[in-house]
Structure formats: C-alpha cells, structure tokens
Amino acid sequence: MADRSGYEIERGGDVELPVFPHTIPSGEQTVWADVSPLLQLACKDVVTDLGDGELVHGENFNLFAAMSALEIMDPKMDSGMVRSYYSVDEAIECGAAPLPLSVDKTIDVQCTIDIMDHLLACEATWHKGHALAQTVFSCIYLLRPDRTSSFPVLHSYCQVMRATCSAVVLTVSEARTNEEEDLFTMTHGLPLKVDGDDKCLTMLHSVEEMVSRQLRACKAPSVKKRVLEDIEPLQAVLDLEEGFCKALLCRLRFRKHFYHVLTNMKRPQGRGFELAKKHIASCLQEIDSMLKMEGFLSLNNAYEMPEDAIEDKTTASGCAPIGFDSTLNSRLSAPAPPRAIKILSWKKAIDYFRKLLNELNAICSHNLDPVFEGVLHFIVEFQKLQPELVARAHLQHLLIQDGKLYGRDPLFAVICKAALLPPAAKDHDIQKNETFSQLGQLLITLLRVLCTNLAWQRRKLGKILQDWRIIYVQLELAFRKEFGETSSNLSDENICMKIFKYILVWIEEQTYWIASRFLVLGFDLELYSTSEYCMVYWYIYVILTKLAEKTHFRLMASNENVKRKGKKKKDLMKDGAKDYPFPPVVLFLQCQIYIAEGLTMMLAALRNEQKIYQNVGPFNTEHERFMQHFELLQKACLPNHISYFSFKEATAHARISTVSMYNFFKDAQRISKELRTSFSNDPIKMAELRSIEQVAEHNGVALNLISRLGSLDSSLKIYFEFSHHPYFATAIVKRS
C-alpha cells in the first residue's frame, strides 16, 4: 500500500515501515508532497537510526545552499519579522510620531531638540557604514515630509537633513570609496530628494532668524521688552526661554554650516575651499555651543536615567527621542539577515563630527601643487589621521576631476613634470600614444587606491604592481621599436627619445615606491609577527635600495641636462670625472635603508646565535610565510632575481659581533643629523628624521649591550616595540 506522500509502506509486526525508492525524483514535473509522516518516523528512530551528520534529503539537495539560505519566520534571519509596525502609516496611526510633539510647548521644544540630537547620532552611525534606512531614515518625520510643513523648526531641520544625506551619498558614490560596505550608498527608495529640499537653506535661515529674534527678546532690558511683546515665545516657561533658544540655534546653525561645507568642497578645482574653511570653523564653534548647553538640557530632563545608560544616551538631555523606529525599514535592506545596529551615543557623534571637520579642513588647506611627489606625500600624511569615509571621498573628488589632477592639470603634463622633463615636453604629440594614455589611467587608479582604507589600499596596491610592470615593458618595447638599441645617455637632444627615457625611469621609481608602501602598510595593519620581522625588514631594505637608485638616477639625469645647456664640451669632459654629492631625498632614503638593514642583520644574528624569533610551529614553514607576505611582489618581479633563498643566503651567517662592528644604526644616525639643514623648512620631514634618529640611537645601544652581555647573561630578555617610529622597531633589552 502507499500513503499520500507517495512512499510505499511495508508492514513489519505492529509497525508500518515505508519502503523508500532509491532516489526521490526531482524536476519541473515534481509535485510537492507532505513528508510529515516520514519525518515523524525518522525522529522516532523507527525507520532508521540517523547518525550524526546524516540527513533525509532529496536528490537535488545542496548543503552549501541550505547553509546560505534564510530561514523564514526566524527573527534572527527574516528581516521582516522583528518590527513594531508593518508600515509608516500604521506607525503614525498608532501615535509613534505625533504632531505637535506635545500639547505642552515646553515639552514640545525639548522633544524637538531630542529629535535633532538623535538624528546627529544616527547620521554618524550611518557614516560608519550602517544602512541609511536603519539609521537616519528610522525617523518617521523624514519619511513623511508633508506632515511637518506646519511646524517650521522641525520641518526646516528635516529638509536640510535630507539634503545633507543626498549630498554625502552623491560624493561617496562618485568617489567609490565605500569599499567596506555597499550599504552606505544604498537609498532603498527612501525620500532623499523631496520637492522644496533644494531651498532648504532659505527655510532654515528664516527659522534661524525667528529663534534669534526670540533670543534677543529674552536678553533685552525691561524697557525694550514692551516693544518685543508681540514676538511669541517658543514655550511657556520664560526662565527657560533663553536656554532653549540657544540650544536650538546652535543645532540649526551647525546644520546650515555643515551643508555649506559639503557644497563648497564639491566646487571644481578647489575654488570653494576658502569658504568651506570658514564654515568648518563655524561648525566647530557650534559643536562647542552644543556641548555647553548639555548641562542645561539634562537639568530640565523630567526623567531620571540609570547610570549605565548615561554613556549610551543619544541626546544631550538623556531623554529617548520620539518618532524613531529602526525596524520600520528593515524590509528595505535587501534579502539579508537584519543587522543589529547600535546607534552611537551623542557624545561619540559629536567626537565623530569634530574629527571629520578637522579632516575636511586638512583637505581644504592643501596647496594644490601639481608636483606628483608632493601629492603622494600629502595623501600618505593624510592617511595617518585615519580619515573617515566621507573625508576620503572628498579627497578623491579633489584629486581626480574630469580625468585631470585637481580638475586642471592634464595627467601627461603631471607625469612630464614628475619625470623632470623640459616644460615643452608636456605639449608633445607623443601623449596621444595609447601606452601613455594607459599610463594616465594607471595614475588615476593609483590615486583612487591611495584614498581607500588601509586594508583595501594594501590589497589593491599589491595587485596594481603587475600593471605598472606591464606598462613599463610596453613602453620599453615601443621605445625600442621607435628608436632601436641606442645609448642610455638621458641627455640626448631628441625630445621624443628623451620623453621615453625619462618616463621609463620615473615608472620604475614609482613602481618601487608602491612596493615600499605595500610593505610598510603591513605594520599599520599588524600583519607581521615578531618572528617575521627579519624577512620583512630584509625585503624593505631591498626595495628601498632600488627606490633610492632609481630616484638618484632620475635626479642626476635632470641635473646633468641642466648643466649641459650652459657649458662647453671641454667643461663637460672635465665634469665627467667628478662625483656629485647625493641629493637630500636620496640621503633620506639611505637613512631608512641603514635602519632596515641594521634591523635585518640584528634579528638574523639573534635567530642564528640565541635561537629567538625563529619561525617555529606546526603550520606554515618560513618559506610559505615568505610567499604569503611577498607573493604579489614576487609575481611582479620586484626586484628581479630576488627570492626566499636570497633572503636565507643574506642572513644565514649574521653574527652579533659582525653586526656591531658594521653598525648600520650609527650611519643612519649620522646622516639624519646632517640632513636637518636640508629639511629645516619641512616640519614633517624633520619629525621623521627625529624618529629615525631615536630608533638608530636606541638600537645602537641595545646592540652594544647584546654584544657585551648576550652570551654571558641568560636572564637577558630582548623584545621589539614601535615606540619611536610606526614602521621601524626599537630593540628593548631587559633582565627578567
């Protein structure tokens, strides 16, 4: 006999046992059947004894798909399950967003300020990578703009809030810096742009004037108050009027100035930067005013907060805002499990915006010099601030506009200037060559990558290294095809040949700069263990040596070309035998080379003699770790003929006595002191030199101690820390 599910059933004693087919057919003709009886029998161990890991499943079952599936009706998986209301209209009908906020005008003003504060906290949380639908647009008043039109203070604030969000989404989308989470720019059909929002500043200005008049009326002497009696107060308690006016004004003005900052920074070629800096200063002043008013608002809070909730409060008063529901838009967040979002506290939101404004101010203070080396230097220093996503988006917008640097300098002209070519080279027709166009695109990609977060940046830098090597080979082949095998003298008078040769040298230099950046970012991201420092510093030493070589070659070629213009042939023959001093930039690199080489040999000697900081463990071998860290450099042949065996050969015979005899740290210290006069007008370089000098000094002392006491004192402990420099470690020697 057969049951309704289609399975045959055998009778065995008192129990009916189903007879299973070998396979359960599947396909377009399959009919859904009720398998409840089968599952009930399986659970009772009547049919078969299911062991661990065994499943009752059909032919088309896929375990990976099942693990990735969303479980309907499960609150942790189904985004539509956890919600207070099914729609915005239902929320409004249930009184979740009342208008007016309260029949008591004093409470109404308090609630308005609370909404403003919570929106600020939501905005900061959104900037940190959470969904717009579950942060800023959890505010019901933003979702129904027409409802607030009769309440000017709340309506104007909501208007400028939507306009600000729209401006930020546009900037980040254009810059494509939202690499961490695509959610940041997803608007899910939310009302970001509403009729009338383009005039948000006009409405905000009129509301600001209204509140300002009321504040002046509060402060006016009793004689003048009679004249101002026709001005309706914000609320009923006159003793609180001034405080509420100030609290509202600083919030409204912050919104106004912040919107001005965003719009002025989007103006092409940095034309709005000076005005943006003024608005940034005003924003910071209003933030200070908000903090000053916190005490007033919290004192007038009618509700007592538990101590553990004070740190997490999202409003200055400590009251929970009305008109918000984070679950209302959860179904808009795509078919993915709902995220548990914790809104930043009001204090943390204030700190966030203060940091963001300082970063935007740093961008506005950039001098827009088209020297490419200066651009790279600025980006690297800017990244040390650990800038927020919005700031990085604005930086990228500044750097690349309409395929030009700062929207004004053609990329070929920038490359020619960086390669130290004569000014006439930038207008040469050779720039129409396809390879040079590809080089320009590589430059844009590099600038975009440098504006991303550090983890993403390092990953992308490793990948584009091969592109830079390929473009070098292509350009070299084009050069040989055009001119054949010619002399390597860069002073050749043929401008076309000179462009090829100078740019080839510059490409090599940039490739090694990218490689060095790739390596040092590993320290920022804490990717290296102490046992791997030896190989890392060895590779840094190799890359910096090649970088110094290419930089020196480029600078010397340019200097030689300049001198040739004003000298006769006899003088040139005499100068050929002279040794020119190294430029300060090359000596600066030489300082870093000495530090890297000294650390490599020091660590290698400790590994060889004292058997510490060795790669031991049951998992990856040292060779495997070498390839994991440097595989992308190896694929790009940076440099040629360098491998793990080169590293082993260079460090196998290192000894403490030898390292202390050839003390690289002393050389680094000496050069750093000599370079002070060369970089006296560059505070950043001076700070770097001081750091290098401190690392060299401390490591030199540690090396001497290890040399004298290391073999005699077994209680001597040696470890490394980054107390003076972010990339170059300092050895600490102590007795345990």
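At what angle do the axes of helix α4 (residues 105-127) and helix α9 (residues 238-265) cross, and within what distance do they come? The axes come within 11 Å and cross at roughly 30 degrees. The views below show a predicted model, in which local features need pLDDT of at least 70, side-chain atom pairs count only at pLDDT 80 or more, and totals for chains, interfaces and linings use all residues. Residues are numbered from 1 along each chain as its sequence is written, and side-chain values use heavy atoms, with hydrogens and water left out.

**View 1. The contact of helix α4 with helix α9.** Helices (H or I, at least four residues) are DSSP runs numbered from the N terminus, and axes are lines fitted to C-alpha atoms, for helices over the stretch in contact, with angles that run from 0 to 180 degrees between N-to-C directions. α4 and α9 are therefore roughly parallel to each other, a label given to angles under 35 degrees. α4 passes α9 in a left-handed crossing, meaning that the near helix is turned anticlockwise from the far one by less than a right angle. With contact taken as heavy atoms within 4.5 Å, the α4 side includes T106, V109, Q110, T112 and I113, and the α9 residues that they and others meet include L240, F244, A247 and L248. The residues of this contact of α4 with α9 divide into 11 nonpolar, 3 polar and 4 charged, where Ala, Val, Leu, Ile, Met, Phe, Trp, Tyr, Cys and Pro count as nonpolar, Asp, Glu, Lys and Arg as charged, and the others, Gly among them, as polar.

**View 2. The largest cavity and the second largest cavity.** On a 1 Å grid over the protein atoms alone, a cavity is a set of points where a 1.4 Å probe fits but cannot get out, and lining residues have an atom within 4 Å of a point; grid points are joined across faces, edges and corners, and a volume is the space filled by probe spheres set on the points. By this rule there are 2 cavities of 30 Å³ or more. About 50 Å³ of space lies in the largest cavity, which is lined by Q110, I113, D114, F244, L297, N300, N301, S317 and C319. Helix α4 gives the largest share of that lining, 3 residues, and by class the lining of the largest cavity has 4 nonpolar, 4 polar and 1 charged. The second largest cavity has a volume of about 40 Å³ and is lined by M116, D117, L120, Y157, R251, F254 and M290. The elements that give two or more residues to the lining of the second largest cavity are α4 and α9, and the largest share, 3 residues, comes from α4. That lining has 5 nonpolar, no polar and 2 charged residues.

**View 3. The largest pocket.** A pocket is an open set of grid points with protein on both sides within 12 Å along at least five of seven lines, and the largest pocket has a volume of about 1100 Å³. Of the 40 residues that line the largest pocket, H377, W513, F588, L589 and K685 are the closest to its centre. Among the elements that give two or more residues to this lining are α14 (372-383), α19 (495-524), α22 (584-609) and α27 (683-709). By class, the lining of the largest pocket comprises 21 nonpolar, 9 polar and 10 charged residues.

**View 4. The packing of helix α26 with helix α27.** The axes of α26 (residues 664-674) and α27 come within 8 Å and cross at roughly 155 degrees. That makes α26 roughly antiparallel to α27, the label for angles over 145 degrees. The crossing of α26 and α27 is left-handed. F665, A668, Q669, S672 and K673 of α26 make the contact with residues of α27 that include L689, E693 and A696. This contact of α26 with α27 has 5 nonpolar, 4 polar and 3 charged residues.

View 5. Most residues other than glycine have a negative phi, and most peptide bonds are trans.

Definitions and conventions:
Angles under 35 degrees count as roughly parallel, over 145 as roughly antiparallel, 65 to 115 as roughly perpendicular and the rest as oblique.
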